[in-house]
Amino acid sequence: MAQEQRPFLSSFPKHEEDETDDEPTQQFELPPFHRRKDFTLRLICIVEALGLLALSLAIVLIAQRKHSNLECTRQVSAYSPLLEEPDLVKYSDQDLPLYFNEKTEYRGPPTPEREILWETLWHQGAFEVPEDKLDIMNKSHTGRSYKHVPPEVGTGYAAQLGVLHQLHCVHMLRQWSYKEHWIDRGLDLPGSLYGDPRLTRMHLDHCIEVLRANIMCTSDVTPILIELDPSAPFGERADFRANHKCRNFWDIRQWVMDNTAIP
Ligand SMILES: *[C@@H]1O[C@H](CO)[C@@H](O)[C@H](O)[C@H]1NC(C)=O
């Protein structure tokens with residue numbers, strides 16, 4: 001029986017090994033030629049097994065690879081030249097100073113210093129978006145034409161940054177909420193509030209929509225806890241000083257300043 005199995009056994013080194021181990025009698029000993037072949041096959045098997053192991057390890061590692069914040073940001077964001085910069089957009093955990101009565105330098109009625117502070121937040125020029133990016137911005141089939149940066153700057157298109165426009169809108173609504181400050185003093189309304197009242201109304205309504213749509217688009221899922229405090233009017237208050245993961249706004253603003261194509 002063993003004799004009959006030999007031809008098959010020689011192509012299955014594992015079994016052959018078992019066989020020889022189990023019955024190491026002279027009768028079943030393989031001739032030297034078979035032993036050499038057996039050794040070669042065993043070696044091939046080991047190499048194959050190791051190769052397979054390395055391959056599966058590599059697949060697991062690639063699948064589990066921790067993506068960088070930038071890769072994740074690109075994945076969940078629309079195209080932006082700012083996300084082409086390897087080290088620009090970063091994240092940090094922050095407790096935002098947003099208690100119901102929390103004082104910040106931006107909060108409160110207009111003062112000359114505070115108006116400058118607000119203006120400084122958003123008032124920047126346009127930067128350049130490369131010409132070939134119109135397609136990924138879904139703008140190449142609109143049939144519309146877009147303003148270019150000056151030829152001495154480049155061939156791309158002029159663009160303003162989303163966050164800066166949204167801040168402009170907050171600034172404008174804030175000024176509108178304090179408009180008596182200027183009216184009571186017989187002064188012209190500032191900035192975008194000045195001029196044709198119908199245009200101002202349209203501008204304000206536009207800004208409300210910009211903020212509404214962007215807030216819904218972003219959908220901040222940060223939990224806001226309810227703080228228990230017997231001294232609070234209702235014995236409790238919302239803890240708006242929630243921990244947020246924030247982008248580095250000031251570096252992002254600085255990029256726009258450093259890349260001004262149209263002041
Ligand atoms: C891309 O633009 C077309 C035409 O302007 C529009 O109909 C379509 O909804 C846009 N696609 C996306 C994904 O926004």
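Two strands pair if DSSP finds at least two bridges between them. Helices (H or I, at least four residues) and strands (E, at least two) are DSSP runs, numbered from the N terminus. In these terms, Phe127 has Thr260 in strand 7 as its bridge partner.

The model is a predicted one: local features need pLDDT of at least 70, side-chain atom pairs count only at pLDDT 80 or more, and totals for chains, interfaces and linings use all residues. Residues are numbered from 1 along each chain as its sequence is written.

**Overall make-up**

- The protein chain contains nine helices and seven strands.
- A residue is buried if 20 or more other C-beta atoms lie within 10 Å of its own, exposed if 12 or fewer, and partly exposed in between, with C-beta atoms placed from the backbone. By this count, 7% of the 263 residues of the protein chain are buried.
- Two residues are in contact if their C-beta atoms, placed from the backbone, lie within 7 Å. Among contacts in the protein chain between residues at least 6 apart in sequence, 61% link residues at least 24 apart.

- Strands of a sheet pair through backbone hydrogen bonds, either parallel or antiparallel.
- Here, three strands form an open sheet in the order 3-2-7, and their pairing is antiparallel. Strand 3 and strand 7 are the edge strands, each pairing on one side only.
- From one strand to the next, the twist averages 65°. Angles run from 0 to 180 degrees between N-to-C directions, and axes are lines fitted to C-alpha atoms, for helices over the stretch in contact.
- Strand 2 (residues 126–129) is joined to strand 7 (residues 260–262) by two bridges. Ala126 has Ile262 in strand 7 as its bridge partner.
- Strand 2 is joined to strand 3 (residues 157–159) by three bridges. Tyr157 in strand 3 stands opposite Val129.

**The nonpolar core**

- A nonpolar core is a set of buried Ala, Val, Leu, Ile, Met, Phe, Trp, Tyr and Cys residues joined through C-beta atoms within 7 Å.
- The largest such core has seven residues, namely Phe127, Val129, Val149, Tyr157, Ala159, Val256 and Ala261. Strand 2 and strand 3 each contribute at least two residues to this core.
- Beyond its neighbours within four places in sequence, Phe127 contacts Ala159, Val256, Asn259, Thr260 and Ala261.

**The pairing of strand 1 with strand 6**

- Strand 1 (residues 91–95) and strand 6 (residues 243–247) run antiparallel and are joined by five bridges. Gln94 has His244 in strand 6 as its bridge partner.
- Strand 1 is hardly covered, since zero of its five residues count as buried.

**Helix 5 against helix 6**

- Two packed helices are described by the angle between their axes and the distance between the axes.
- The axes of helix 5 (residues 112–122) and helix 6 (residues 162–177) come within 8 Å and cross at roughly 155°. Helix 5 is therefore roughly antiparallel to helix 6. Angles under 35 degrees count as roughly parallel, over 145 as roughly antiparallel, 65 to 115 as roughly perpendicular and the rest as oblique.
- From helix 5, Trp118, Leu121 and Trp122 meet Leu164, Leu167, His168 and His171 of helix 6. This contact has five nonpolar, two polar and no charged residues. Ala, Val, Leu, Ile, Met, Phe, Trp, Tyr, Cys and Pro count as nonpolar, Asp, Glu, Lys and Arg as charged, and the others, Gly among them, as polar.

**Loop residues**

- Leu134 lies in the loop between strand 2 and strand 3. With 17 other C-beta atoms within 10 Å, Leu134 is partly exposed.
- Leu134 touches Lys139 and Ser140, not counting residues up to four places away in sequence. Its C-alpha atom is separated by 9.5 Å from that of Gly156, 22 residues apart along the chain.
- Most residues other than glycine have a negative phi, and most peptide bonds are trans.
- Asn138, which is not a glycine, has a positive phi of about 60°. Asn138 is in the loop between strand 2 and strand 3, and it counts as exposed because it has 10 C-beta neighbours inside 10 Å.
- Ser219, also not a glycine, has a positive phi of about 45°. Ser219 is in the loop between helix 8 (197–218) and strand 4 (226–228), and it counts as exposed because it has 6 C-beta neighbours inside 10 Å.
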